[in-house]
Each structure stands twice: as structure tokens, then as C-alpha cells.
Amino acid sequence: MTQHIGILTSGGDSPGLNAAIRGVGKACLSHYGMHIVGFRDGFRGLMENRTMELEKGQLSGILTLGGTILGTSRDKPHKMPVDGQVLDMIETIVASYHANKLDCLVCLGGGGTQKNALRLMQAGLNVVTLPKTIDNDVALTDTTFGFDTALGIATEAIDRLHSTAHSHHRIIVVEIMGHRAGWLALGAGIAGGADVILIPEIPYQVESVAAAIRERSRSGKPFSIVAVAEGAVSQQEHLDRLAALARKKGRKAKDGAREPMPEEAEMVYADRTLNLAKQLELLTGLEARVTILGHLQRGGTPSAADRLLSTRLGTAAADLIHQRHYGVMVAARGEATEPVSLEAVAGQVKTVPPDHTWVESARRVGTNFGD
Ligand code: F6P
């Protein structure tokens with residue numbers, strides 16, 4: 001019996017998504033003789049049964065293409081915005097899966113997508129996922145596709161920012177994506193030779209950063225590059241958040257019910273980065289300028305490493321589908337791949353251990369982490 005496969009991309013776009021679609025698609029179609037259909041814009045397209053034919057023609061010429069030919073969204077199956085309401089649409093999604101006579105659904109996405117795929121698996125669907133995100137924060141895989149390309153973009157940006165820093169004797173604060181984990185800021189900070197790297201996993205003291213910058217000035221280098229992850233916070237903000245969380249937990253414990261707490265006023269990342277630059281200007285006497293790399297880090301053609309990774313993971317997914325091995329994420333493991341259960345992956349975030357070898361290496365070359 002010909003197997004019928006559905007595929008969708010969910011969450012933020014990322015370099016390598018089309019290479020992964022191609023890897024899954026070509027292996028399923030040409031190597032295994034399966035039928036494959038794409039669903040548009042993530043789980044929403046599956047719910048609405050908005051499909052895209054995926055034949056050889058559509059899979060040709062997309063290896064080097066940024067973004068995703070299927071489109072994507074951050075919509076969740078169990079919390080889907082519909083006509084101004086937020087509804088649990090899992091049943092509709094299950095119906096769409098069966099209406100398309102699918103044997104398996106392939107979901108390409110980050111941490112949130114792994115959780116949503118598990119929900120659909122628990123609703124009875126056969127699911128296989130691939131780990132995608134420039135943040136590299138998906139658990140139980142060596143790496144995710146998108147990370148290497150973003151690392152190159154952010155590193156080149158830091159290289160270029162050295163010119164202004166050196167010429168104007170300035171502090172350049174460059175904000176790098178990564179709201180939950182600091183892998184991208186850490187990797188690009190090291191590769192770009194940033195003098196300071198601030199990541200969510202190591203809450204910082206702005207005075208420690210300023211002291212390091214002042215010390216550089218005294219040693220004849222009146223300029224510094226500060227690479228800061230979106231999610232990096234000061235030690236004070238970290239403590240404030242822990243206190244707010246404790247209050248929230250306390251309230252839940254007291255009332256029992258899931259009393260909705262007023263959402264913390266999530267400071268927009270850029271505000272925090274601008275404030276940091278202002279504080280450093282005041283504390284060091286040097287001019288400071290801010291560059292926010294934003295979605296540049298997700299744009300354009302994937303690196304060779306990401307094309308290779310996406311193809312490896314995509315074709316491995318087709319192998320697992322052929323073996324009827326469902327309910328797993330295809331993890332990168334060295335030069336190979338390994339299926340890991342969705343139960344083990346979902347809900348986990350791979351953060352940077354504060355004593356990680358990359359952190360230790362950076363410290364050995366004199367990088368300051370604000371601690
Ligand atoms: O999850 C990847 C990511 O690029 C994060 O690094 C970033 O904080 C977020 O997506 C931005 O989300 P959006 O594209 O929805 O603004």
C-alpha cells in the first residue's frame with residue numbers, strides 16, 4: 001500500500017527549512033514511492049485543509065532557498081485563534097488528517113512544535129518531527145538546522161561592527177536572537193571576538209560589564225563589543241522574576257484554581273538592550289551605539305552545513321516513516337541521526353550550562369560574562 005505523508009512547517013522561519021522539505025520529500029517520493037502533501041502555514045493550514053501539492057517539480061530548486069515554501073505560523077492546535085476566539089481545534093485537525101488519508105504527519109519546527117506534535121500524537125496521529133530553530137535550544141539533538149547559518153550571519157555582523165567601535169572609540173552593543181537560550185549569542189560572540197557576552201543563563205551585573213570595558217580602555221583599547229542575547233537579564237531582573245514566579249505559585253497553591261495572573265510586563269527586548277547601552281555609557285564615559293540584528297539572522301540561503309544537516313535529517317525521517325517508526329523527533333547525533341521519543345523532547349529547552357566548554361573557552365581569552 002502506498003503511504004500518504006503530510007508535511008508542515010511551524011514556528012519562526014529558519015534557513016534550512018526548504019532543504020529539509022526537499023530531503024523528506026525527495027526521499028519519500030522517489031526513494032520510497034510514497035505520496036506527499038504539504039499543508040500551508042503550520043498547524044493552521046492542516047486545520048483548514050489548505051494544501052500544496054509536493055511533486056518533483058515543487059521540490060526542485062529549493063535546497064538553497066531561505067524561508068519555507070509552505071509558509072508557517074505560530075498557531076497551536078489546542079489554542080487556535082478562530083473568529084476572534086481561541087479554540088481547541090485538535091479534533092478538526094485529526095479529521096483533516098484522516099480526510100487526507102494520511103499515514104504520517106511530518107512537522108518541522110522548534111521547541112513549541114515538538115510539544116504540539118506530541119499533542120497530536122496523543123490524539124492518535126502518527127507523527128515524526130525535525131528540530132528547526134536558529135536558537136539551537138531544542139533538547140536531545142546535537143544541533144538544529146538554522147543555527148549554523150544564523151551563527152555565520154551574526155558573526156559577520158560582529159566583524160563589521162568592529163570598524164565603528166575601533167574608529168570612534170565606542171561601545172557597540174549588538175543584540176542577537178535567543179530569548180530562552182544563549183547559544184547563538186555565545187557562539188557568535190566567541191567567533192566574532194566580542195569582549196563581553198551576555199546570555200540568559202548567566203544573569204549579569206552591569207557594573208561588572210562596565211569595569212571590564214573601563215579596564216580595556218586603561219590598557220589602550222577604548223572600544224568594546226558587547227554581544228547580548230535577547231533573553232539576557234541583569235541579576236536584579238532575574239531575582240525580580242523569581243519573586244514574581246514565587247508569588248504566582250503561592251497564589252495558585254492558595255486558591256487551587258489556575259487564577260490568571262496579570263501577564264508580567266514583558267519588557268521588549270530592544271528596550272532592555274537600549275537601557276543597557278545607556279547605563280554603560282554613563283558608567284564608562286564612552287559613547288555607546290546599539291545594533292539589533294533581528295530577523296536578518298533568519299534570512300537568506302542556508303549555509304552548506306545547514307543544507308547538509310537538513311538533508312540528513314529529512315531523509316532519515318523518510319526512513320523512519322518507511323519503517324512505521326512514529327512518535328519521534330529525528331535528532332542529529334554526530335555524523336548520524338537518532339530517533340528520540342517526543343515525550344522526552346517536548347517541553348524541554350536546551351539552555352547553555354554556565355560551565356559549558358564554550359563559556360570556559362571564552363573566559364580563557366578574557367571574555368567578560370557580566371558575572
Ligand atoms: O525562535 C526563533 C526566534 O527567531 C527567536 O530567536 C526570536 O526571539 C523569535 O523567533 C522571534 O519570533 P517572531 O519571528 O515571531 O518575531
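What is the volume of the largest cavity? The largest cavity has a volume of about 40 Å³. The structure is a predicted model, in which local features need pLDDT of at least 70 and side-chain atom pairs count only at pLDDT 80 or more, while totals for chains, interfaces and linings use all residues. Residues are numbered from 1 along each chain as its sequence is written, and side-chain values use heavy atoms, with hydrogens and water left out.

**The cavity**

- Rolling a probe the size of a water molecule over the atoms shows where empty space is left.
- A cavity is a set of points, on a 1 Å grid over the protein atoms alone, where a 1.4 Å probe fits but cannot get out; lining residues have an atom within 4 Å of a point.
- Grid points are joined across faces, edges and corners, and a volume is the space filled by probe spheres set on the points.
- One cavity of 30 Å³ or more is present in the structure.
- The lining of the largest cavity is made up of Y204, V228, A229, E230, A232, Y269, R272, T273 and L276.
- By residue class, this lining has six nonpolar, one polar and two charged residues (Ala, Val, Leu, Ile, Met, Phe, Trp, Tyr, Cys and Pro count as nonpolar, Asp, Glu, Lys and Arg as charged, and the others, Gly among them, as polar).
- At least two lining residues come from each of β10 and α10 (269-284), and α10 gives the largest share, four residues.
- Helices (H or I, at least four residues) and strands (E, at least two) are DSSP runs, numbered from the N terminus.

- Strand β10 (residues 224-229) is largely enclosed by the rest of the structure, because six of its six residues are buried (buried means under 20% relative accessible area, exposed over 50%, and partly exposed in between, with a 1.4 Å probe and protein chains only).
- From β10, the residues S224, V226 and V228 point one way, and I225, A227 and A229 point the other way.
- Strand β8 (residues 170-176) pairs with β10 in the parallel sense over six bridges, and I171 stands opposite S224 in β10; two strands pair if DSSP finds at least two bridges between them.
- Strand β9 (residues 196-198) also pairs with β10 in the parallel sense, over three bridges, with I197 opposite A227 in β10.
- Between β9 and β10 the chain passes through helix α8 (residues 206-218), and this β-α-β crossover is right-handed.
- A crossover is right-handed if, with the strands pointing away from the viewer, the path from the first strand over the helix to the second runs clockwise.

**Cysteines**

- The structure contains zero disulfides (a disulfide is a pair of cysteine sulfur atoms within 2.5 Å).
- C28 is in no disulfide, and the nearest cysteine sulfur, that of C104, is 8.2 Å away.
- C104 likewise is in no disulfide.
- C28 counts as buried because its relative accessibility is 0%, and C104 counts as buried because its relative accessibility is 0%.

**Two helix residues**

- Q122 belongs to helix α5 (residues 111-122) and counts as exposed because its relative accessibility is 58%.
- Between the C-alpha atoms of Q122 and E343, which are 221 residues apart along the chain, the separation is 9.9 Å.
- G187 is part of helix α7 (residues 183-191) and is buried, with a relative accessible area of 10%.
- From C-alpha to C-alpha, G187 and A270 are 21 Å apart in space and 83 residues apart in sequence.

Key: 1 Å grid on protein atoms, 1.4 Å probe; cavity = no way out; pocket = protein on both sides within 12 Å on 5 of 7 lines; lining within 4 Å.
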